[in-house]
Amino acid sequence: MSLRLSTVILPYRRWNEGGREAWQRAEQLGFHTGYTYDHLSWRTFRDGPWFGAVPTLTGAAAVTDRLRLGTLVTSPSFRHPVTLAKELITLDDISGGRVTLGIGAGGTGFDATALGQDPWTPRERADRLAEFVPLLDRLLREDSVSYEGDYYSAHEARNIPGCVQRPRLPFAVAATGPRGLKLAARHGQAWVTTGDPKLYENGTPEQSRQALRGQIDRLGDACAAVGRDTKELDKILLTGFTPDRGHPLESLDAFVDFAGRHRELGFTELVIHWPIPDSDFAADEKVFEQIAMEAPAQLG
């Protein structure tokens, strides 16, 4: 099974101060997809520069030709399906059909309260996502959509001419619980995980792989329940949040070993963070580039 290698470029640099160059270099290095986070701010970056995901990806689309582009991940925390659909159709058009939407339920970070609302409970986040994803699916497929739900509404929302990618741009659904996995099985072209967060501090790499194996098994059950073959879905691991932490980026050999073990679990795409000095994503840029250029050939 082949394994694609992608990167996630956090939107913390001004476009003319390294932002543009990172996306162009990602294409030169041969990454399959360049993703970015879709947050209003994020963790330790909250008090520093942080730019919007869709404008950033639009800029990236304008300075690249082959690199796929995407979010990891967009959530309902500050998005509405109607306006998001319009932005995605525009981005898909500008990029020539190179966009993947990573989408998930969101969490309890800064996005959860930035619009002045109280943080949603895990159940309410799941409820909203369960309504958000099918409505967004329709908005990206149909010329005109009307809908009245518990959380979202659309009244004759027009989306002509639709996506370049047909019937719509692909969804990569981030999920580990049963309701999210059901959404991935029903609406996703890919599934995304970061592993089991409970293992990050004190777990072992082997325990992490066991947890990931269990997640993939449950995804298979969710697919079977809706009559889909799990092989139809790409399986994406966003790295950096398992007990391995930054070890896979310490050397080419370390990464090839890490990637090979996760390919055996069934993953089809690994995403590594573009190095950011003095952060949780600090890494040797020369090693990072060596991994980008040489690891895919070693992994077959």
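Phe255 is buried, as is Phe258, where buried denotes under 20% relative accessible area, exposed over 50% and partly exposed the range in between (1.4 Å probe, protein chains only). Both residues belong to helix α7 (residues 252–265), three residues apart, about one turn of the helix; helices (H or I, at least four residues) and strands (E, at least two) are DSSP runs, numbered from the N terminus. The ring centres of Phe255 and Phe258 lie 6.4 Å apart with the planes at 40°, so the pair is tilted. Rings of Phe, Tyr and Trp (its six-membered ring) are paired if their centres lie within 6.5 Å, with planes under 30 degrees apart counted as stacked, over 60 as edge-to-face and the rest as tilted.

The model is predicted, so that local features need pLDDT of at least 70 and side-chain atom pairs count only at pLDDT 80 or more, while totals for chains, interfaces and linings use all residues. Residues are numbered from 1 along each chain as its sequence is written, and side-chain values use heavy atoms, leaving out hydrogens and water.

Across the whole structure, 13 aromatic pairs are found. In one of them, Tyr37 and Trp42, the ring centres are 5.0 Å apart and the planes stand at 75°, so this pair is edge-to-face. Tyr37 and Trp42 are both buried. Ring pairs also join these two residues with Tyr12, Phe45, Trp50, Phe241 and Phe281 in a cluster.

Not counting residues up to four places away in sequence, Phe31 touches Leu5, Ser6, Thr7, Ala26, Leu67, Ile272, Trp274, Phe288 and Ala292, contact meaning heavy atoms within 4.5 Å.

The strands form a barrel: eight of them close in the order β1-β2-β3-β4-β7-β8-β9-β10, with parallel pairing. From one strand to the next the twist averages 25°. Two strands pair if DSSP finds at least two bridges between them; β2 (residues 33–36) and β3 (residues 68–74) are joined in the parallel sense over four bridges. Within this pairing, Tyr35 stands opposite Gly70 in β3. Helix α6 (residues 205–225) lies across β8 (190–193) and β9 (234–238), running at about 150° to β8; axes are lines fitted to C-alpha atoms, for helices over the stretch in contact, and angles run from 0 to 180 degrees between N-to-C directions.

The peptide bond from Leu72 to Val73 is cis, with omega near -15°, and Val73 is part of strand β3. A cis bond also leads from Ile160 to Pro161, with omega near 20°; Pro161 sits in the loop between β6 (153–158) and β7 (171–174). Glu156, in strand β6, has a positive phi near 45° although the residue is not glycine, and its 45% relative accessibility makes Glu156 partly exposed. Asp278 likewise has a positive phi, near 55°. This residue occupies the loop between β10 (269–273) and α8 (285–299) and, at 81% relative accessibility, is exposed.
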